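Hi there,

Here is the structure I promised to pass on to you. Please have a look at it first, and then read my notes below.

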Amino acid sequence: MWRPPERIRWKPDAGRWPTAEEAASSRLFSPITAGPLQLASRTWVPAMVPWRATEDGIVTPEVLAWYERFARGRPAALVVEATGIRDVPSGPLLRIGHDRFIPGLAELVKRVRAASSGETRLLIQLIDFLAVRRRPEPETFFRRYLKITDRHREALGVATDDEAREKLLTLDGAALDEVLDVREMEALRMGYRERVTDTHLPHIRDLPKVLPDLFGRAARRAEIAGFDGVELHFAHAYTMASFLSALNDRSDGFGGSRAERVWLPLQAYGVVRSMVSSRVAVGCRFLAEDCIAGGNTVEDAGYYAKRFAAAGMDFLSLSRGGKFEDAKQPAIGEAAYPYTGPSGYECMPQFISDARGPFGRNLGPAAQIRSAVRASGRTTPIVVSGGIHGFAQAEAVLTDEQADIVGFARQALADPDWFRKVRLGRGDEIRICEYTNYCEALDQKHAQVTCKLWDRQSLDEPGVLKSKDGKRRLVAPNWEP
Ligand SMILES: Cc1cc2nc3c(=O)[nH]c(=O)nc-3n(C[C@H](O)[C@H](O)[C@H](O)COP(=O)(O)O)c2cc1C
Ligand code: SF4
């Protein structure tokens with residue numbers, strides 16, 4: 001993972017924990033409504049993919065255990081990981097692109113309800129993504145993948161495709177730069193990656209025709225499965241965030257100006273809304289800043305927030321960065337990963353940081369976006385996350401009006417009982433996240449995600465669920481007051 005060059009080591013400091021009485025009278029543990037969602041407190045566990053579904057995207061006992069464990073800590077809201085809206089193979093990522101996925105998801109809802117005694121509201125994040133191929137062996141790339149055109153033959157001074165392929169194999173990087181265009185060089189160095197601007201490809205050109213319905217049908221299935229809400233994934237490196245990005249220069253009315261870039265996400269929202277009942281909350285997660293050259297700024301995000309709020313979204317959850325554009329070059333045979341460059345750092349900041357540090361990097365932009373929404377006359381709740389682990393820190397986010405709901409992702413993974421422990425006045429028993437990103441490294445390998453603070457503890461406990469290699473426990477040890 002990329003880290004800021006300053007390499008300043010930060011240690012999380014949760015500060016003083018409140019007594020049970022102080023927690024009870026805090027803003028953090030005061031209720032809030034987000035459309036039809038009645039949240040008992042302003043605590044939220046954002047989506048985290050644990051790579052525990054089957055290769056066919058079906059809920060497994062390991063998926064159930066993951067969410068059940070979070071629910072036992074009783075956050076007010078828990079968002080199920082990015083879940084694919086298409087019926088296409090996507091590895092061990094959950095899917096909701098067909099009715100056959102509903103029974104597994106319904107079981108997940110049931111387990112979360114039971115584990116939290118009905119307190120935790122459950123949402124599911126709906127995602128669409130484009131193709132990303134592995135970085136090829138140069139030989140395979142030149143012999144098999146590269147489409148030879150007149151441009152290549154001319155530049156290489158050869159007559160046939162075979163001659164062009166053979167000659168390309170002998171060239172070094174600088175010489176290749178002269179012959180291949182930017183996208184071809186990228187396909188060679190990083191692996192081929194589709195973009196929303198590849199409108200010469202019919203399936204990319206037609207995204208605006210197919211996506212609203214795919215999102216709508218997925219949301220409908222989420223309602224049938226019993227979810228309280230859906231979070232449309234408009235963040236990070238995925239399709240909808242790419243439509244929103246300032247880098248989207250499509251000329252078909254879905255790219256260019258902000259108003260055009262937001263058009264498809266708004267259409268998708270409209271179809272989702274029309275396909276679920278008023279019982280279901282609908283909101284989205286998007287980027288307060290893209291954190292890449294030429295990407296969206298906080299001003300773009302403020303504009304989008306106002307449009308989403310005006311359209312009637314029930315909540316807006318803000319993330320930051322996490323883009324492909326600045327991702328690290330993958331090893332041959334591996335795919336590029338959007339959380340490996342500076343924008344990835346902004347998304348999941350690690351303890352080795354710069355002078356700003358890893359805690360609360362998204363708060364300033366969130367406050368600006370929230371102000372823009374409030375100035376437009378909307379009260380839509382804003383959810384923020386990023387390095388939040390202490391009670392005083394979370395409370396300040398609310399009292400300073402930077403956001404309305406506080407997201408705890410890695411801190412909830414490190415200790416799913418954070419919420420219960422704080423409420424009971426037992427904050428000093430909390431396992432504080434060290435922000436090492438061990439969990440994130442597992443995510444990157446698409447390995448079952450766990451936390452290094454607990455995954456080797458009490459492995460001989462009867463009935464403990466273990467990783468495929470048997471070396472790690474898959475859920476945090478039990479805690480009872
Ligand atoms: C293992 C892992 C998986 C994640 N998966 C998702 C995801 O599916 N969707 C999403 O929007 N964010 C995802 N994130 C980002 C988190 O939701 C969150 O924005 C980020 O970790 C920063 O918040 P934190 O500092 O509280 O962890 C993931 C993070 C981790 C560590
Ligand atoms: S592995 Fe655990 S301690 Fe480390 S960053 Fe992830 S959640 Fe925090």
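**What surrounds the ligands**

By class, the shell around ligand 1 is made of twelve nonpolar, seven polar and five charged residues. One thing to keep in mind from the start is that this is a predicted model. Of the 24 residues around ligand 1, the ones that come nearest are Pro46, Ala47, Ala82, Ala409 and Arg410. Strand S5 (77–84), H18 and H20 are the elements that give two or more residues to this shell, and H20 has the largest share, with three residues.

Ligand 2 has 13 residues around it, and Arg410, Cys433, Tyr438, Cys439 and Cys451 come nearest. Eight residues of the ligand 2 shell are nonpolar, two are polar and three are charged. Helix H18 (410–414) and helix H20 (438–444) each supply at least two residues here, with H18 giving the most, three residues.

**The barrel**

Next, the strands. Eight of them close into a barrel, in the order S4-S5-S6-S7-S8-S9-S11-S12, with parallel pairing. On average, neighbouring strands of this sheet are turned by 25° against each other, direction ignored. Val384 has Val406 in S12 as its bridge partner. Helix H10 packs on the sheet, where it touches strand S6 (121–127) and strand S7 (229–234), and the direction of H10 makes about 155° with that of S6.

In soluble globular proteins, nonpolar side chains tend to be buried together. In this model, the largest nonpolar core has 121 residues, and those touching the most other members are Leu126, Phe215, Val230, Leu232, Val272, Phe286 and Val406. Helix H10 (residues 207–225) contributes the largest share of this core, eight residues. Which residues does Leu232 contact, leaving aside its neighbours within four places in sequence? They are Leu126, Phe215, Met240, Ala268, Tyr269, Val272 and Cys284. There is also a second, separate core of seven residues, with Phe142, Ala164, Leu168 and Leu180 among them.

Thr380 lies in the loop between helix H16 (363–375) and S11. Is Thr380 buried or exposed? Thr380 counts as buried because it has 23 C-beta neighbours inside 10 Å, and the cut-off for buried is 20 or more. Apart from its neighbours within four places in sequence, Thr380 is in contact with Ala309, Met313, Phe315, Leu316 and Val373. The C-alpha atoms of Thr380 and Leu318 are separated by 13 Å, and these two residues are 62 apart along the chain.

The other two are serines. Most residues other than glycine have a negative phi. Ser117, although not a glycine, has a positive phi of about 50°. Ser117 is in the loop between helix H3 (102–115) and S6, and it is exposed, with 10 other C-beta atoms within 10 Å. Ser458 is not a glycine either, and its phi is positive at about 45°. You will find Ser458 in the segment after H20, where it is exposed, with 11 other C-beta atoms within 10 Å.

Conventions
Residues numbered from 1 in each chain as written. Chains lettered and ligands numbered in written order. Predicted model: local features only at pLDDT ≥ 70, side-chain atom pairs only at ≥ 80, totals over all residues. Core = buried A, V, L, I, M, F, W, Y, C linked by C-beta atoms within 7 Å. Buried ≥ 20, exposed ≤ 12 C-beta atoms within 10 Å, placed from the backbone. Helix = DSSP H or I, 4+ residues; strand = E, 2+ residues; numbered from the N terminus. Contact = placed C-beta atoms within 7 Å. Near = placed C-beta within 6 Å. Nonpolar A, V, L, I, M, F, W, Y, C, P; charged D, E, K, R; others polar. Pairing = 2+ DSSP bridges. Axes fitted to C-alpha atoms, helices over the stretch in contact; angles between N-to-C directions.
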